[in-house]
Amino acid sequence: MNTELVLSNAAKEFGGFEPQKFIHSALEFQQLLMLYESGIKQLTTKCEILEDEFESKHQRNPISTISSRIKEPVSIIEKLQRKNLELTLENIVGKLYDVAGIRITCPFISDVYHVMKMLLNQEDVSLIKVKDYIKNPKKNGYRSLHVIVKVGVYFSDQKRDIPVEIQIRTIAMDFWASLEHQLHYKKDYKMPEDVEQELRAIADTISNTDLRMQNIAKNLPDFTDYTPQD
């Protein structure tokens with residue numbers, strides 16, 4: 001969606017420009033982003049501690065990389081509009097769970113689920129929702145495990161539970177997702193069907209490669225397999 005159009009529609013929702021109201025809303029929004037940044041710091045620290053533990057105590061590390069982001073204000077407005085929601089702080093907090101996001105890449109598919117389990121085992125991390133696009137890929141071939149959680153963050157005068165979306169996927173899945181995102185640099189351009197089919201085929205090939213690499217690893221001596229035990 002065009003950025004100017006998004007901002008124009010947002011301005012209309014405010015019902016005209018009122019300086020004091022605008023300043024107050026801007027300060028509240030800035031404070032809200034601070035809360036989300038704090039949630040990201042809390043979860044990132046947890047992941048880094050797990051990384052350090054695996055580096056020092058175990059034969060291999062199921063975490064390859066950790067990155068994070070806060071959704072851009074224009075993207076937040078755009079998503080509220082797509083959901084036909086008013087532009088309010090209450091709707092941002094209560095209706096959008098992906099304002100704060102962390103992405104974790106792992107060497108193998110089994111590592112993805114192991115990392116999720118380790119994070120959810122922590123007392124101050126509570127599960128809101130899991131979207132498993134590895135077992136149920138999106139139509140375009142996208143694969144990843146999306147875990148929406150609330151993490152407890154302690155401030156000077158209170159504890160707040162901050163929603164954060166954690167995307168966990170293999171290095172190979174991340175490779176496909178990153179390149180597919182680059183191909184969609186024009187948001188208003190619809191890919192031809194034959195290109196979409198080719199992207200899905202490549203995603204399937206990468207998925208099969210993931211499985212083959214995991215099977216090879218399982219047959220190596222002393223390889224630590226984190227496949228969940230039923």
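At 18% relative accessibility, Y133 counts as buried (under 20% relative accessible area; over 50% is exposed and in between is partly exposed, with a 1.4 Å probe and protein chains only). This is a predicted model, in which local features need pLDDT of at least 70, side-chain atom pairs count only at pLDDT 80 or more, and totals for chains, interfaces and linings use all residues. Residues are numbered from 1 along each chain as its sequence is written, and side-chain values use heavy atoms, with hydrogens and water left out.

**Aromatic pairs**

- You will find two aromatic pairs here, where Phe, Tyr and Trp rings (for Trp, the six-membered ring) pair if their centres lie within 6.5 Å.
- F108 and F223 form an edge-to-face pair (planes over 60 degrees apart; under 30 is stacked, the rest tilted), because their planes stand at 85°, with ring centres 5.4 Å apart.
- This pair links distant parts of the chain, 115 residues apart: F108 is in the loop between β2 (100-106) and α5 (109-120), while F223 is in the segment after α7 (193-218).
- Helices (H or I, at least four residues) and strands (E, at least two) are DSSP runs, numbered from the N terminus.
- F108 is buried at 15% relative accessible area, whereas F223 is partly exposed at 21%.
- Y133 and Y142 are also edge-to-face, with centres 6.0 Å apart and planes at 65°.
- Y142 is buried, at 12% relative accessible area.

**Charges over rings**

- K138 lies over the face of Y133, 4.9 Å from the ring centre (NZ of Lys or CZ of Arg within 6 Å of the ring centre and within 35 degrees of the ring normal).
- K135 lies over the face of Y113, at 5.2 Å from the ring centre.
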